[in-house]
Amino acid sequence: MENQVLTPHVYWAQRHRELYLRVELSDVQSAAWWSPSLALEAWPSEFVFAEALRGNPAISITENVLHFKAQGHGAKGDNVYEFHLEFLDLVKPELVYKLTQRQVNITVQKKVSQWWERLTKQEKRPLFLAPDFDRWLDESDAEMELRAKEEERLNKLRIESQGSPETLASLKKGYLFMYNLVQFLGFSWIFVNMTVRFLILGKGNVIFVESFYDTFHTVADMMYFCQMLAVVEAINAAIGVTKSSVIPSLFQLLGRNFILFIVFGTMEEMQNKAVVFFVFYIWSTAEILRYPFYMLSCIDMDWKVLTWLRYTMWIPLYPLGCLAEAVSVIQSIPIFNETGRFSFTLPYPVKIKVRFSFFLQIYLIILFLGLYINFRHLYKQRRRRFGQKKKKIH
């Protein structure tokens with residue numbers, strides 16, 4: 001006796017791009033009953049049986065018609081259930097389905113992203129078909145959901161193009177490591193060059209004197225490079241790449257570059273003075289301790305000896321450096337007065353000559369103000385790093 005064709009309950013919902021069908025059929029199992037002959041009897045010869053031959057359920061789309069056949073537990077008990085749906089508009093032949101213990105979920109892609117007034121081509125809704133109110137949305141709500149998904153997709157693409165937070169952090173660490181390495185090598189070259197000239201070449205009195213007075217012509221090019229590159233350090237602090245304070249970094253950068261490019265760089269008479277040796281030597285000594293500490297911090301390493309030197313050696317070096325810079329400014333004042341370089345006369349009717357030495361005197365005040373700001377900043381850093389020693393209570 002031929003079995004009666006049973007139809008399961010099917011619930012549907014849609015979005016602009018997709019159709020969702022929920023087939024109320026539980027315990028859908030692998031179909032031992034299924035065979036190509038049954039498929040040929042059930043559907044047209046044009047049907048592709050790839051899914052059917054795999055077993056239960058047999059679901060496919062051909063000529064815009066969804067074919068479903070499966071064995072499971074439905075309204076009429078454990079039986080074979082099937083249905084066919086001809087869609088209102090064109091859909092893609094590929095579909096996705098998922099089996100659960102209680103139902104079969106099917107997702108079909110529309111060929112054109114648009115809202116359908118109904119699911120089937122026939123105006124009268126099949127008796128087994130009903131709206132899936134768990135997933136049902138009005139067209140306006142579906143449009144809002146679609147926009148939200150599109151925004152999420154664009155945000156994801158933006159994040160992928162910019163790189164993940166871990167990748168950005170690695171790139172930042174690599175960039176800072178290379179910057180500090182280059183600065184360390186540059187100042188190390190200056191420090192070693194000056195030390196060798198002072199200790200090894202300074203055996204004779206004449207060469208000993210030259211080791212002081214020929215400093216600028218020996219290491220000036222490298223010092224120019226390092227100090228111009230130090231602009232990056234102030235920019236990093238300003239844009240938040242590093243946690244350094246902007247004002248102390250800017251004070252040190254402008255102060256050193258003023259001494260290097262204006263006081264030493266523009267006056268040949270200053271380039272042959274011994275004070276150049278002391279200024280350059282103190283600068284390079286401070287930096288060959290500071291930049292290796294920053295390099296190790298980029299790779300999360302802490303060498304206690306270097307850390308102690310970084311937060312301690314500035315105590316004598318910064319005042320000595322400030323003193324050497326002040327001496328160089330004081331020595332340059334009569335030279336600037338004599339040459340008249342950078343001096344100017346105010347226009348009529350004032351006609352007062354303003355000497356550059358006036359600005360040098362103002363700079364001396366700013367120099368010691370900058371020393372106070374940097375000293376205070378570094379002291380706070382040292383106190384945070386090592387903590388305040390508690391007084392013993394006797």
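A residue is called buried under 20% relative accessible area, exposed over 50%, and partly exposed in between (1.4 Å probe, protein chains only). This is a predicted model, where local features need pLDDT of at least 70, side-chain atom pairs count only at pLDDT 80 or more, and totals for chains, interfaces and linings use all residues. Residues are numbered from 1 along each chain as its sequence is written, and side-chain values use heavy atoms, with hydrogens and water left out.

Q: Is Arg 376 buried, partly exposed or exposed?
A: Let's start with its place, which is helix α13 (residues 356-386); helices here are DSSP runs of H or I with at least four residues, numbered from the N terminus. The relative accessibility of Arg 376 is 45%. Because of that value, Arg 376 counts as partly exposed.

Q: How many salt bridges are there?
A: The rule asks for a side-chain nitrogen of Lys or Arg within 4 Å of a carboxyl oxygen of Asp or Glu. One example is Glu 117 with Arg 118, whose closest N and O atoms are 2.7 Å apart. By this rule, the count is twelve.

Q: How many residues apart in sequence are the parts that Asp 214 and Arg 197 tie together?
A: The side chains of Asp 214 and Arg 197 form a salt bridge at 3.7 Å, N to O. Asp 214 sits in the loop between α5 (205-213) and α6 (215-229), while Arg 197 belongs to helix α4 (residues 165-199), so the pair ties together parts that are 17 residues apart in sequence.

Q: Which of the two, Asp 214 or Arg 197, counts as buried?
A: Asp 214 has a relative accessible area of 30%, so Asp 214 is partly exposed. At 17% relative accessibility, the residue that counts as buried is Arg 197.

Q: Which helix holds both Glu 287 and Arg 290?
A: Glu 287 and Arg 290 form a salt bridge, with their closest N and O atoms 2.7 Å apart, and both residues are buried. They also belong to a network of salt bridges with Glu 233 and Arg 256. The two lie three residues apart, about one turn of the helix, and that helix is α10 (residues 275-298).

Q: How far apart do the end C-alpha atoms of residues 314-336 lie?
A: The unreviewed UniProt entry places the feature "transmembrane region" at several spans, including 314-336; such annotations may be inferred rather than shown by experiment. In the model, residues 314-336 are 100% helix and 0% strand. The end C-alpha atoms of this span lie apart by 31 Å.
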